[in-house]
Amino acid sequence: MLNPELLAILACPACEERPPLELHGEYLVCHRCRRAYPIRDEIPALLVEEAVPLDEIEAGEKTPRA
Ligand SMILES: [Zn+2]
């Protein structure tokens, strides 16, 4: 599982306010812009291009793209 200290310093790259991210299964979620960033091999992919809409995740618990 992701290190809580690491989680605390991570922030959404899409939001200027850099809001904190919330761990949600295999994703880090930004509730401000409703993007979810996949975590692969315990490394979060904090890239806007990698983000999945939070709605999709809540709809079907989609697995991260390989
Ligand atoms: Zn955001």
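# A quick tour of the chain

The largest nonpolar core in this predicted model brings together 10 residues: Cys 12, Leu 21, Tyr 27, Leu 28, Val 29, Cys 30, Ala 36, Tyr 37, Ala 51 and Ile 57. Two strands, β2 (27-30) and β3 (35-40), each put at least two residues into this core. The largest share is from β2, with 4 residues.

**The overall layout**

- The chain has 2 helices and 5 strands.
- Reading from the N terminus, the elements go α-β-β-β-β-β-α.
- Of the chain's 66 residues, 18% count as buried.
- Take the contacts in the chain with a separation of 6 or more: 18% of them are between residues 24 or more positions apart.

- The average pLDDT for the chain is 87, and 89% of the residues score at least 70.
- Among the elements, strand β5 (residues 52-53) has the highest mean pLDDT, at 96.
- Helix α1 (residues 4-9) has the lowest mean among the elements, at 83.

- Strand β1 (residues 22-24) is joined to β2 by 3 bridges, and the two run antiparallel.
- If you look across that pairing, you'll find His 24 opposite Tyr 27 in β2.
- β1 and β2 make a hairpin with 2 residues between them.
- In the turn of that hairpin, Gly 25 has a positive phi of about 60°.

**Strand β3 and its partners**

- β3 runs antiparallel to β2, and 4 bridges join the two.
- For Arg 35, the bridge partner in β5 is Pro 53.
- Strand β4 (residues 43-44) pairs with β3 too, again in the antiparallel sense over 2 bridges.
- Across from Ile 39 you'll see Pro 44 in β4.

**The turn between β3 and β4**

- β3 and β4 form a hairpin with 2 residues between them.
- Asp 41 sits in the loop between β3 and β4, and Glu 42 is found in that loop as well.
- Phi of Asp 41 is near 55°, a positive value in a residue other than glycine.
- Glu 42 also has a positive phi, near 70°, and it isn't a glycine either.
- As background, most residues other than glycine have a negative phi.
- Is Asp 41 buried or exposed? Asp 41 counts as exposed because it has 4 C-beta neighbours inside 10 Å, and the cut-off for exposed is 12 or fewer.
- Glu 42 has 9 other C-beta atoms within 10 Å, so this residue is exposed as well.

**Glu 50, in the loop between β4 and β5**

- Glu 50 is found in the loop between β4 and β5.
- With 16 other C-beta atoms within 10 Å, Glu 50 is partly exposed.
- Which residues does Glu 50 touch, not counting residues up to four places away in sequence? Glu 50 touches Tyr 37, Pro 38 and Ala 45.
- Glu 50 and Tyr 37 are 13 residues apart along the chain, and their C-alpha atoms are separated by 6.4 Å.

Note on methods
Residues numbered from 1 in each chain as written. Predicted model: local features only at pLDDT ≥ 70, side-chain atom pairs only at ≥ 80, totals over all residues. Core = buried A, V, L, I, M, F, W, Y, C linked by C-beta atoms within 7 Å. Buried ≥ 20, exposed ≤ 12 C-beta atoms within 10 Å, placed from the backbone. Contact = placed C-beta atoms within 7 Å. pLDDT = per-residue confidence, 0-100. Pairing = 2+ DSSP bridges.
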